[in-house]
Amino acid sequence: MTKNKSVLNWVKEMEQLTTPDSIVWIDGSKEQLDQLRGQAVASGELIKLNEEKLPGCYLHRTKVNDVARVEDRTFICSTVPENAGPTNNWKAPAEAYKMLYDIARGSYKGRTMYVISYSMGPIGSPLAQIGVEVTDSIYVVLNMAIMTRVSSKVFDVLGDSDYWVRGLHCSCDIDAEKRYICHFPEDNTIISVNSAYGGNVLLGKKCFALRIASYLGQKDEWMAEHMLILGVEKPNGEIKYVTAAFPSACGKTNLAMLIPPEGYRKNGYKVWCVGDDIAWMRKGADGRLYAINPENGFFGVAPGTNAKSNPNALASTQKNTIFTNVVQNLDDNTVWWEGLNKTPPANAIDWKGNPWDGTASTEKGAHPNSRFTAPAQNCPCISPEFDSTTGVPISAIIFGGRRAQTTPLVYQSRDWNNGVFVGSIMASETTAAATGAVGVVRRDPMAMLPFCGYHMGDYFAHWIKMGEILGDKAPKIFNVNWFRLDDEGNFLWPGFGDNFRVLEWIIDRCEGTADAVETPIGFVPKADDINIDGLDIDFETLKSILTVDNAQWVKESEGIEEFYKKFGDRLPAELKSQLEGLESRLG
Ligand code: GTP
Ligand code: SPV
Ligand code: MN
C-alpha cells in the first residue's frame with residue numbers, strides 16, 4: 001500500500017512487538033469491509049440486523065466493564081510533567097512506553113493485525129491530518145471506516161513524510177485494571193490497551209483529533225476543539241456558520257442537526273450540519289476563522305434520540321450503521337433504546353446480552369452511553385460544504401453546559417477575551433459518557449477538560465493569542481444553557497428544535513440587528529427578543545431563565561477563583577483581570 005519508510009518501519013516494529021499471525025492493510029474498499037463484516041458476524045462480534053428495516057446495520061455489545069471513556073486511566077506523557085498541566089494525568093514517556101509495551105507484547109498472538117490509514121478531514125485538505133492505527137479488532141476497523149476517511153489515497157498525500165500520527169490499539173483481555181489510554185504529544189503517538197469502547201479505541205477521534213491535535217494547533221496557530229459546526233440558512237439563502245462546545249452528552253449532536261420550528265421553516269430557515277463533535281479551525285485567506293469537521297461520521301448518544309427530539313440523527317442511523325450497547329428487539333431483529341418511543345419491545349435482549357422484557361423490567365435495556373456509528377452522508381441535513389477543503393467561515397462560537405441554575409438561557413460575552421473567560425469557567429453536570437459519578441457539577445473549560453493534550457493554562461493563553469491573530473474578524477462568543485430546572489426538576493426551556501429561537505438571537509447579535517441588556521456577566525436578550533410564538537412557555541418563565549442572579553454569581557465567582565488557583569502562574573494575566581472585572585461588576 002505504501003513505500004513510506006516511516007510507516008513501514010513503525011508497522012514492522014508494532015508487528016514484532018505484538019506478534020500477530022497475519023497482517024491486513026485496510027484500503028477502505030467495500031469488498032474488504034464486506035469480508036470483515038462477514039467475519040465479525042461469524043465470530044459473534046457483530047450481529048446482523050434486519051436487512052429490510054435497517055440495511056447494512058449491525059449491533060455490537062462491549063464488555064460490561066468497558067462502556068465509556070476512562071478519564072482516570074487517560075494519560076498525557078510529556079517529557080516535562082508540568083506540560084501536561086494540573087487537569088491531566090501524567091506519566092513519564094519512557095516509563096509509559098515500557099509499561100504499555102509490556103502489556104502489548106505478544107498480545108496479537110493468534111490474531112490479525114489490521115493497519116488502518118486514515119485522514120482526519122477531507123483527504124488532501126490543508127486543514128487535514130493523517131494517521132495510521134494498528135488494531136486487532138474488526139469492530140475498530142469498521143467503526144474507523146465510518147468515522148474517518150479510510151483509504152490508500154492517504155498514502156499518496158503523505159508521500160515520504162514522517163508527519164503522521166501513530167496509533168497502537170491492543171484489545172488484550174479488556175482488563176479494566178490494565179486499561180490505559182496514553183498520549184505522547186511530542187512523538188505524535190497514541191497507545192490504547194485493554195479497552196474496545198469507542199472513545200478509548202477509535203484513535204482518530206478524541207485521542208488524535210483533540211488531545212494530539214490541540215497540542216499541534218498550539219504550536220502552529222490553529223485550534224482543535226470539542227465543537228459541533230452548523231450553518232443557519234436564512235430566507236435570503238445566506239448561510240451563517242457557528243460552532244458550539246458542550247461537554248460530552250450535553251447536546252452537540254442534537255443542536256448540530258436541529259430542525260427549526262415550523263414557523264421558521266415556513267419562512268425559509270434551515271440548519272445544515274457540518275459536524276457534531278469536533279472542529280479544527282484556522283485563520284483563512286480573508287482573515288476570518290475557518291472550520292472543518294475532521295470526522296466522517298457520527299458516534300452519537302442513542303438514548304433520548306427519537307423522531308421528535310432529533311429526527312435527522314434517527315434518519316442517519318437507518319442504514320450502514322453500527323449500534324453499540326443498545327437493546328436488540330428479537331421480534332423483528334431491530335434495535336431500541338430508552339427514549340426512542342414509549343413502546344419497549346417485550347421480547348428482547350438488553351445491552352448486557354441478557355433476555356429483557358421492557359414492559360416488566362425495571363433495569364434499563366440500553367446503556368445510558370450506548371451509541372450509534374453512522375456515516376455523515378446519511379444525515380438529511382448534511383451540509384453541502386461537508387467535504388470542503390477550506391472549511392466554513394465562523395461567525396459565532398457558543399459555549400454551554402448542563403446547569404440546573406445560575407447560568408441563563410443565553411448571554412453574549414463583552415469581547416473576545418471576555419469570551420475566553422466565559423469558556424474557561426464553563427461548568428456542567430457529568431454524564432454517562434465517561435465512567436464515574438453522573439450529575440455532579442464540575443468545571444469543564446471549553447468542554448475540553450478531558451481532551452486538552454497539554455497544560456490548560458497554556459491552552460487558555462492560546463485562545464487569547466488566536467483572538468489577537470483574528471483581530472476584529474474574530475467570531476463573537478456566546479454561552480447557552482438549555483438545562484435550567486424548576487423546583488420539581490422539570491426543564492424550564494423546551495430545548496431541541498426550539499433552541500433555534502436562541503440561535504436566531506445569536507446570529508442577529510452577530511449582525512448587529514438584535515438588542516440586549518448589559519449584566520455583570522455579559523449581554524442577555526430582552527425577553528421580547530426571544531421569539532416564543534407557538535411555544536408552550538409563559539413570558540414570566542422566559543424572563544426567569546434570562547435573569548442573572550447577582551448572589552448566585554458572587555458564589556460562582558468564588559468557585560472560579562478556587563478553580564483558577566490550579567493553574568498557578570500559567571493562568572494568563574488576561575483571565576485573572578477578567579475575573580477581577582466580573583467581581584467588581586458584581587459589586
Ligand atoms: P458527545 O457525543 O458525548 O460529545 O455528546 P453530545 O454533546 O453530542 O450530546 P447529544 O446531542 O448526544 O445529547 C445527549 C443528551 O442530551 C441526550 O440525552 C439528549 O436528549 C439531551 N439533550 C440534547 N439537547 C437537549 C436540549 O435542548 N434540552 C434537553 N433538556 N436535553 C437535551
Ligand atoms: C464524548 O464522550 O464526548 C464522545 C464519545 O463524543 S467518545 O468518542 O467516547 O469520546
Ligand atoms: Mn464528544
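Predicted model: local features only at pLDDT ≥ 70, side-chain atom pairs only at ≥ 80, totals over all residues.
Student: Let's start with the metal. Which protein atoms are the donors of the manganese ion (ligand 3)?

Tutor: The protein donors are Lys 206 through NZ, His 226 through NE2 and Asp 277 through OD. They lie 2.2 to 2.3 Å from the manganese ion. Along the chain, the donors follow the spacing K-x19-H-x50-D.

Student: Where do His 226 and Asp 277 lie?

Tutor: His 226 is in the loop between β12 (222-225) and β13 (228-233), while Asp 277 is in the loop between β15 (270-275) and β16 (279-283), so the pair ties together parts that are 51 residues apart in sequence.

Student: Are His 226 and Asp 277 buried or exposed?

Tutor: Both are buried.

Student: How do I read the arrangement of donors around a metal?

Tutor: Start with the ideal angles: 109.5 degrees for four tetrahedral donors, and 90 or 180 degrees for six octahedral ones.

Student: On to ligand 2. Which residues are around ligand 2?

Tutor: Among them are Arg 69, Tyr 197, Phe 299 and Phe 451. An oxygen atom of ligand 2 is 2.5 Å from an N or O atom in the side chain of Ser 248, and a backbone N or O atom of Gly 199 lies 3.1 Å from an oxygen atom of the ligand. Taken alone, ligand 2 exposes 290 Å², and the protein buries 98% of that.

Student: How many residues surround ligand 1?

Tutor: There are 21, and the closest are Ala 249, Lys 252, Thr 253, Asn 254 and Arg 371. The side chain of Thr 253 has an N or O atom 2.8 Å from an oxygen atom of ligand 1. The side chain of Arg 371 also has an N or O atom 2.8 Å from an oxygen atom of this ligand. Ligand 1 exposes 660 Å² when taken alone, of which the protein buries 91%.

Student: Last one: in what order do the strands of the open sheet run?

Tutor: The 5 strands are ordered β2-β3-β19-β24-β18, with mixed pairing. β2 (47-48) and β18 (297-301) stand at the edges with a single partner strand each, so one side of each is left without a neighbour in the sheet. β18 pairs with β24 (residues 371-375) in the antiparallel sense over 5 bridges, and Gly 297 stands opposite Pro 375 in β24.

Definitions and conventions
Residues numbered from 1 in each chain as written. Chains lettered and ligands numbered in written order. Heavy atoms only, no water. Donors = N, O, S within 2.8 Å, 3.2 Å for Na, K, Ca; no water. Helix = DSSP H or I, 4+ residues; strand = E, 2+ residues; numbered from the N terminus. Buried < 20%, exposed > 50% of the residue type's maximum accessible area, 1.4 Å probe, protein only. Near = heavy atom within 4 Å. Polar contact = N/O pair within 3.5 Å; in protein donor to acceptor, adjacent residues only side chain to side chain. Areas by Shrake-Rupley, 256 points an atom, 1.4 Å probe, with all protein chains shown as cover. Pairing = 2+ DSSP bridges.
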